[in-house]
Amino acid sequence: MTLSCTASTGSTEQQIIKNGFAFLPARQARAWLEPSGLKDWQGFAESWNDLGMDLYMADGGRYRRRRYGTFSITGNSLTRKDHQPHYQSRDYNLLNGGVERWFSPITDEMGRHPALAAILQATSTMADHLSPERPQPAPWHVEVHQFRIEAASDAEALPTPEGMHRDGVDWVFVFMVNRCNIREGVTSIHALDQQTVLGSFTLTEPLDTAIVDDHRVYHGVTAVEPEDPTLPAYRDVLVVTLRYE
């Protein structure tokens with residue numbers, strides 16, 4: 001039975017309140033996003049073929065491509081901010097934190113794309129619902145990351161090279177965009193002791209979604225490997241984080 005948008009969203013929010021995270025299968029994610037204007041998902045996904053190399057990998061890896069953009073959202077008002085560096089303290093990212101990292105910006109076309117606009121509207125609305133203690137209306141600082149992890153048989157390809165981590169924000173949304181010729185890439189959720197496993201799942205279908213309360217849980221993803229090492233292999237995801245300004 002297909003869940004209605006309201007039922008799906010309400011159920012998902014209850015899961016997050018109870019557990020600190022939720023996995024939303026693609027069918028339910030699409031039902032959640034379409035009322036916010038989700039359109040031309042395929043055109044949006046194709047933009048992952050034009051990402052810049054991440055040159056800030058402290059492990060020396062050259063397996064991650066990305067683009068980055070920041071937005072401000074208050075209710076139905078969405079504004080793109082001037083391009084700025086991505087910064088995480090070493091408290092949250094021991095591997096790559098502590099420096100300003102300047103990544104290629106999300107293109108103007110993709111920054112205005114209806115798929116991204118729908119995602120930003122839906123995620124901020126859910127974050128509003130899940131943050132009753134936050135003064136409202138008030139803006140969210142939203143960071144948007146387009147990631148591609150390229151897998152090869154002769155080197156590790158790590159979707160979360162920093163390991164099990166928190167991002168230093170309020171809410172984290174991870175949307176599967178595409179998996180091509182890869183295996184593994186299992187998401188696991190841990191309690192704040194970093195030892196207790198609360199759940200695990202694999203984002204496999206486009207729009208499979210993970211939602212994480214960054215204050216309550218840690219999350220990480222296992223390395224990905226090519227199924228056929230003679231062919232291109234990669235994992236594409238969109239990560240959206242929200243932090244109260």
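Reader: Why does Glu34 count as partly exposed in this predicted model?
Author: Its relative accessibility is 42%. Buried requires under 20% and exposed over 50%. Glu34 falls in between, so it counts as partly exposed.

Reader: What makes Glu34 and Arg30 a salt bridge?
Author: The N to O distance between their side chains is 3.9 Å. The cut-off is within 4 Å, so the pair qualifies.

Reader: Is Arg30 buried, exposed or partly exposed?
Author: Partly exposed. Its value is 33%, between the 20% and 50% limits.

Reader: How do you know that Arg67 and Asp50 form a salt bridge?
Author: Nitrogen and oxygen lie 3.4 Å apart, and the rule asks for within 4 Å. The pair links distant parts of the chain, 17 residues apart. Arg67 is in strand S3, residues 64–74. Asp50 is in the loop between helix H3 (41–46) and strand S2 (52–53).

Reader: Why is Arg67 called buried?
Author: Its relative accessible area is 13%. That is under 20%, so Arg67 is buried. Asp50, at 46%, is partly exposed.

Reader: What makes Glu245 and Lys81 a salt bridge?
Author: The N to O distance is 2.4 Å, which is within 4 Å. Glu245 lies in the segment after strand S13 (234–244). Lys81 lies in the loop between strand S4 (77–80) and helix H4 (108–111). The pair therefore ties together parts that are 164 residues apart in sequence.

Reader: How many salt bridges does the rule give, and which residues are linked in a network?
Author: The count is eight. Asp54, Arg64 and Arg66 are linked in a network.

Reader: Why is S3 described as largely enclosed?
Author: Nine of its eleven residues are buried, so the rest of the structure largely encloses S3.

Reader: What makes S2 and S3 a strand pair?
Author: They share two bridges and run antiparallel. Pairing needs at least two, so they qualify. Met53 has Arg65 as its bridge partner in S3.

Reader: How do you know that S3 pairs with S5 and S4?
Author: S3 and S5 (residues 140–150) pair over ten bridges, antiparallel. There, Arg67 stands opposite Gln146. S3 and S4 pair over four bridges, also antiparallel. Thr74 stands opposite Ser77 in S4.

Reader: What is the phi of Gly75 in the hairpin of S3 and S4?
Author: Positive, near 60°. That hairpin has two residues between its strands.

Key. Residues numbered from 1 in each chain as written. Predicted model: local features only at pLDDT ≥ 70, side-chain atom pairs only at ≥ 80, totals over all residues. Heavy atoms only, no water. Buried < 20%, exposed > 50% of the residue type's maximum accessible area, 1.4 Å probe, protein only.
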